[in-house]
Amino acid sequence: MICRFSPVGGRVTSHHQLRLTIANTSRALGEWLETRFGGRIRWRRQQQSVRPSWEWVMQHKHAAALIRRVLPYLVIKQEQARLALEFQKQKVDFTGKGRVSDDELTIRENFRTAMSAMNHRVGESELCGFSV
């Protein structure tokens with residue numbers, strides 16, 4: 001199972017959002033998560049070297065709320081979860097209207113870069129480290 005907390009987006013779109021993703025080759029896990037917590041599941045087929053899988057996704061404040069609920073149980077992804085919550089709080093606290101400033105884009109991009117590095121540091125075969 002792969003579990004990622006990702007501030008996604010970039011300078012091209014100037015759109016960053018918190019996305020909690022859990023992927024597994026079993027659709028049953030995605031359906032269970034969708035029933036229990038909301039979010040959505042989708043079929044994910046990537047490179048030939050990666051097995052096709054189902055992906056459960058929850059975004060924005062809903063993802064942050066679920067991360068807060070499971071945070072005490074996280075073993076492997078606790079550092080990423082804390083960064084994800086910090087990202088969402090910073091984004092909610094942002095009071096800008098309309099176009100996001102270059103400074104705000106830099107802050108968000110720094111979160112995205114840090115999270116990407118954390119997600120790649122943890123082996124893809126490791127578990128999320130929590131049970132609900």
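Biologist: Why is Arg42 called partly exposed?

Modeller: The relative accessible area of Arg42 is 33%. A residue is buried under 20% and exposed over 50%, and partly exposed in between, with a 1.4 Å probe and protein chains only. The value for Arg42 lies in between, and therefore Arg42 counts as partly exposed. This is a predicted model, in which local features need pLDDT of at least 70 and side-chain atom pairs count only at pLDDT 80 or more, while totals for chains, interfaces and linings use all residues. Residues are numbered from 1 along each chain as its sequence is written, and side-chain values use heavy atoms, leaving out hydrogens and water.

Biologist: What makes the pair of Arg42 and Glu55 a salt bridge?

Modeller: The closest N and O atoms of Arg42 and Glu55 are 2.5 Å apart. A salt bridge requires a side-chain nitrogen of Lys or Arg within 4 Å of a carboxyl oxygen of Asp or Glu. Helices (H or I, at least four residues) and strands (E, at least two) are DSSP runs, numbered from the N terminus.

Biologist: Is Glu55 buried or exposed?

Modeller: Glu55 has a relative accessible area of 7% and is therefore buried.

Biologist: How many salt bridges are counted by this rule?

Modeller: The count comes to four. Among them is the pair of Glu31 and Arg27, whose side chains meet at 2.5 Å, N to O. These two residues are four apart in helix α1, which means a separation of about one helical turn. Glu31, at 33% relative accessibility, is partly exposed, and Arg27, at 36%, is partly exposed as well. Another of the salt bridges joins Arg108 and Glu104, with the closest N and O atoms 2.9 Å apart. They too are four residues apart, in helix α4, but both Arg108 and Glu104 are buried.

Biologist: How do you know that β3 and β4 are paired?

Modeller: Two strands pair if DSSP finds at least two bridges between them. Five bridges join β3 (residues 40-44) to β4, and the two strands run antiparallel. Five meets the requirement of at least two, so the strands are paired. Within this pairing, Arg44 stands opposite Ser53.

Biologist: How many bridges join β2 to β4?

Modeller: Six bridges join these strands, which also run antiparallel. Here Ala23 stands opposite Glu55 in β4.

Biologist: Why is β4 described as largely enclosed?

Modeller: Six of the seven residues of β4 are buried, so the rest of the structure largely encloses this strand. Ser53, which lies in β4 (residues 53-59), is buried with a relative accessible area of 5%. Contact means heavy atoms within 4.5 Å. Apart from its neighbours within four places in sequence, Ser53 is in contact with Ala23, Asn24, Thr25, Arg42, Trp43 and Arg44. Strand β2 is mostly covered, with six of its eight residues buried.

Biologist: What makes a group of residues a nonpolar core?

Modeller: The members are buried Ala, Val, Leu, Ile, Met, Phe, Trp, Tyr and Cys residues joined through side-chain atoms within 4.5 Å. The largest such core has 23 residues, and Leu18, Leu20, Phe37, Trp56, Met58, Leu66 and Ile67 are those with the most contacts inside it. Two or more residues come from each of β2 (17-24), α1 (27-37), β4, α2 (60-70), α3 (78-93) and α4 (102-121). In soluble globular proteins, nonpolar side chains tend to be buried together.

Biologist: How do you know that the buried residues of α2 share one side?

Modeller: The buried residues of α2 are Ala63, Ala64, Leu66, Ile67 and Val70. Their arc around the axis is only 165 degrees, so they are on the same side of α2. The arc is taken from the directions from the helix axis to the C-beta atoms. On the face turned away from the buried side are the exposed residues Lys61, His62, Arg68 and Arg69.
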